[in-house]
Amino acid sequence: MSAAKCGVLFLLLAVTFGAMHLGAEDYGESLGEPLFRLIEEQPGETGLVTHALTEAVNTSSRSAVVSFFNSEYTPALSVPMQWTGNVATCAAGATSQAYVDATFQIINFYRGMAGLADATNATSYNQNAQEAALIMSANGSLSHDPPSNWTCWTSGGDAAAGASNLALGNAGPHAMVAYVRDSGSFNYFVGHRRWILYPRRNQFGTGSVGETTTSANALYVFTSTVARPPTPDKVAWPPEGYVPYQVVYPRWSLSLNTSAVVSFASADVSMTEGVTPVSLSVVSRTDNGYGDNTIVWEPSGLSFTPGAQDRVFTVTVSNIMVGGTPQTEVFNVVVIDSNVVTDLIFSDGFEFGNSNAWSIIGATYRIDALF
């Protein structure tokens, strides 16, 4: 094993997988612990690789978000895997290209909603990621450093395991949902989510197995580091603006897209729904080394059901230290059912980015055909 890989593994949370299954048991899935890597900011980054990629969706437009959800998120989850491998012979095989595309469609749904440009498939990482996924499936366990006596172990799969988000119990597009949801007691700092939504990543490799064996995925996240994009100013999940309730998860998070040193060590979070305070617990302020420094909190007592009218939450994160100067971020999250139309009266152009300028009136109704 390389020294670099050793360094990554020793900086993890001192938990080694073997028979241990961490993560999202409530959803019938397990996630490997997130990978730790500190990435140094360098002022003169213009020489790093950048790509002109698809523009993010306008989340201040309800109709744009509904269209984006219906065209990108929902159909991707039903694409068949068509895996060609065989766990009995340790053949890693491959999935259909449509399944790979659907995997990135889900990644880019989340990135687009968060204001980030699309990520692309760095195909040179796919084979090793495929072998890593097979190792996890064959052994029914997750490890970033699988021992060489594990069934179907390969050096390439081992290398990818030490550089990937890992999931067991789902694969492909569904694994991407699990990474962003990032449930489970060991994932309170949402490290998997942070690598997918990291502004300085715009390529990933992927490998998935399933159908005739336990589903598993390896998403290769330690690809090239690119120049920090100028936008968005923050990366939140759920993001500012309209968000379908299906992708609003129990853990909310915020990071800032800046090369300045950001500390949430003394930051506070408050939320309101209208004028009603929302009780919450901040669960992570200083778990750094997983993409950008991030604060994570869990609102209490929130549940979202089909057919409900839009619900508006105002989030305030105060006393963020940015380059030594305190800063406050305030933004609205409007949780929607894309099958429901709610009449809104806008003033001062909420649809054009003023998230404080709107009020709700009472006409709410379901439709069968979405727009």
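A residue is called buried when its relative accessible area is under 20%, exposed when over 50%, and partly exposed in between (1.4 Å probe, protein chains only). By that rule, 53% of the 371 residues of the protein are buried. This is a predicted model, in which local features need pLDDT of at least 70 and side-chain atom pairs count only at pLDDT 80 or more, while totals for chains, interfaces and linings use all residues. Numbering starts from 1 along each chain as its sequence is written, and side-chain values use heavy atoms, with hydrogens and water left out.

**Overall build**

- The protein has 7 helices and 17 strands, taken as DSSP runs (helices H or I, at least four residues; strands E, at least two) and numbered from the N terminus.
- Of the contacts (heavy atoms within 4.5 Å) with a separation of 6 or more, 70% are between residues 24 or more positions apart.

**Disulfide**

- The count is 1 disulfide, where the term means a pair of cysteine sulfur atoms within 2.5 Å.
- Cys 90 and Cys 152 form this bond, with an S to S distance of 2.2 Å.
- Cys 90 is in the loop between α2 (62–76) and α3 (97–113), and Cys 152, 62 residues apart from it, is in the loop between α4 (126–139) and α5 (155–161).
- The disulfide is left-handed because the torsion about its S-S bond is about -80 degrees.
- Cys 90 is partly exposed, at 35% relative accessibility, whereas Cys 152 is buried, at 9%.

**Cavities**

- A cavity is a set of points, on a 1 Å grid over the protein atoms alone, where a 1.4 Å probe fits but cannot get out; lining residues have an atom within 4 Å of a point.
- Grid points are joined across faces, edges and corners, and the volume is the space filled by probe spheres set on the points.
- The structure contains 2 cavities of 30 Å³ or more.
- The largest cavity holds about 90 Å³, and of its 14 lining residues the closest to the centre are Arg 194, Leu 197, Val 235, Ser 255 and Thr 294.
- At least two lining residues of the largest cavity come from each of α7 (191–196), β6 (234–237) and β8 (252–256), and β6 gives the most, with 3 residues.
- The second largest cavity has about 50 Å³, and its lining includes Tyr 245, Phe 304, Arg 311 and Asp 337.

Terms used: On a 1 Å grid over the protein atoms alone, a cavity is a set of points where a 1.4 Å probe fits but cannot get out, and a pocket is an open set with protein on both sides within 12 Å along at least five of seven lines; lining residues have an atom within 4 Å of a point.
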